[in-house]
Amino acid sequence: MELEGTAESETGTRADVDAGAGDEVLAKAIMSRRFSPSLITTEVWEGYNFADVGIRIKESTDIYGAVLWPSALVLCYFLDTHHDEYNLLDKNVIEIGAGTGLVTIVTSLLGAVVTSTDLPDVLSNLQYNVSRNTRGRCRHVPRVTELTWGQELEERFPRVSCHFDYIMAADVVYGHPYLNELMDTFEHLCQEGTVILWAMRFRLAPENSFVERFEARFHLEELYDLPSLCIKLYRATKKRPISQLSFGAAA
Ligand SMILES: C[S@@+](CC[C@H](N)C(=O)[O-])C[C@H]1O[C@@H](n2cnc3c(N)ncnc32)[C@H](O)[C@@H]1O
């Protein structure tokens with residue numbers, strides 16, 4: 001174990017949470033995975049304990065993707081405490097809107113083959129965090145690459161050759177003008193057998209309605225509901241078109 005820093009001790013075991021101990025116990029357990037540097041350092045970073053190692057994330061404050069958002073912690077906590085049901089070993093995973101890269105790092109540490117994506121401006125800090133936290137620690141070296149929602153999807157991620165077991169997404173729905181492109185991206189990347197794990201931070205009504213639109217296309221199951229953080233974690237799979245549904249043998 002390489003855990004480090006000054007984290008609070010974890011409150012709420014998986015058993016507590018599974019027994020329905022409630023939002024606050026779970027939220028506290030999730031937030032206790034964060035730690036601050038115990039010494040003054042020249043570089044500003046935040047620490048997180050997941051997959052039995054200390055992870056250092058460098059943030060910058062100028063753009064959305066340069067800050068780590070709490071939804072990423074929620075998703076990482078779920079993955080770290082549900083290895084048995086969601087075993088990522090050798091699974092093909094893509095993260096969209098990866099930002100500073102915590103979800104990419106944790107899924108890589110848990111053994112997945114990860115493609116980490118975001119807008120071009122975000123990629124250098126993302127690559128830096130991913131490399132420094134996964135080098136020599138992971139079974140598969142994660143790949144960092146551009147994916148601008150809705151653009152060149154078939155050219156860059158052809159459906160015949162890119163089959164993902166999981167799509168990871170943390171806090172990708174907010175007041176930006178690319179919600180239709182985001183939906184197209186989920187639809188393109190999600191094929192039969194793909195599971196989407198999506199942590200959604202609820203903010204304003206117009207963007208929150210994305211969930212209803214999403215539900216028209218995907219089966220949606222709520223894994224966590226955390227009102228104190230305004231976050232829900234969803235598991236989703238693609239709905240099959242009516243033409244492919246079997247209604248039993250014809251009379
Ligand atoms: C709120 S941040 C969340 C970052 C990270 N997932 C987290 O939870 O810390 C939203 C992310 O979506 C990315 N993003 C926004 N618009 C995008 C677009 N049109 N195409 C691809 N990524 C986009 C941003 O660059 C940013 O990294």
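1. **Basis.** The model is predicted; local features need pLDDT of at least 70, side-chain atom pairs count only at pLDDT 80 or more, and totals for chains, interfaces and linings use all residues. Residues are numbered from 1 along each chain as its sequence is written, and side-chain values use heavy atoms, with hydrogens and water left out.

2. **Overall make-up.** The protein has 9 helices and 10 strands. Both are DSSP runs numbered from the N terminus: helices are H or I with at least four residues, strands are E with at least two. Buried residues make up 48% of the 251 residues. Buried means under 20% relative accessible area, exposed means over 50%, and partly exposed lies in between (1.4 Å probe, protein chains only). Contact means heavy atoms within 4.5 Å. Of the contacts with a separation of 6 or more, 67% link residues 24 or more positions apart.

3. Seven strands form an open sheet with mixed pairing, in the order 6-5-4-7-8-10-9. Two strands pair if DSSP finds at least two bridges between them. Strand 6 (143–146) and strand 9 (218–226) each have a single partner strand, so one side of each is left without a neighbour in the sheet. Neighbouring strands are turned by 20 degrees against each other on average, direction ignored. Axes here are lines fitted to C-alpha atoms, for helices over the stretch in contact; angles run from 0 to 180 degrees between N-to-C directions.

4. **A parallel pair within it.** Strand 4 (residues 92–96) and strand 7 (residues 166–170) run parallel, joined by 4 bridges. E95 stands opposite M168 in strand 7.

5. **Helix 9 on that sheet.** Helix 9 (residues 210–217) packs on the sheet and touches strand 8 (195–201), strand 9 and strand 10 (231–238). The direction of helix 9 makes about 140 degrees with that of strand 9. F210, V211 and F214 of helix 9 are buried. They cover an arc of only 95 degrees around the axis, which puts them on the same side of helix 9. The arc is that of the directions from the helix axis to the C-beta atoms. The buried residues of helix 9 pack against helix 7 (179–189), strand 8, helix 8 (205–208), strand 9 and strand 10. Exposed E212 and A216 are on the face turned away from the buried side.

6. A second open sheet has the order 1-2-3, with antiparallel pairing. Strand 1 (34–35) and strand 3 are the edge strands, and each pairs on one side only. Strand 1 joins strand 2 through 2 bridges. F35 stands opposite G47 in strand 2. Helix 4 packs on this sheet, touching strand 2 and strand 3; its direction makes about 155 degrees with that of strand 3.

7. **The hairpin.** Strand 2 (residues 45–50) and strand 3 (residues 53–58) pair in the antiparallel sense over 6 bridges. The bridge partner of W45 is K58 in strand 3. The hairpin has 2 residues between the strands, and A51 takes a positive phi near 50 degrees.

8. **Helix 3 and its two partners.** Helix 2 (residues 23–31) and helix 3 (residues 70–81) pack at about 95 degrees, with axes 9 Å apart. They are therefore roughly perpendicular to each other. Angles under 35 degrees count as roughly parallel, over 145 as roughly antiparallel, 65 to 115 as roughly perpendicular and the rest as oblique. L26, A29, I30 and M31 of helix 2 meet P70, L73, V74 and Y77 of helix 3. By class, this contact has 8 nonpolar, no polar and no charged residues. Nonpolar covers Ala, Val, Leu, Ile, Met, Phe, Trp, Tyr, Cys and Pro; charged covers Asp, Glu, Lys and Arg; the others, Gly among them, are polar.

Helix 3 also meets helix 4 (residues 102–109), with axes that come within 9 Å and cross at roughly 10 degrees. Helix 3 and helix 4 are therefore roughly parallel. The contact involves A72, L73, L75, C76 and L79 of helix 3 and L102, V103, V106 and T107 of helix 4. The classes are 8 nonpolar, 1 polar and no charged.

9. **V114.** V114 is found in strand 5 (residues 113–118). At 3% relative accessibility, V114 counts as buried. Leaving aside neighbours within four places in sequence, V114 is in contact with V93, T104, T107, S108, P142 and R143. V114 and T104 are 10 residues apart in sequence and 6.7 Å apart in space, C-alpha to C-alpha.
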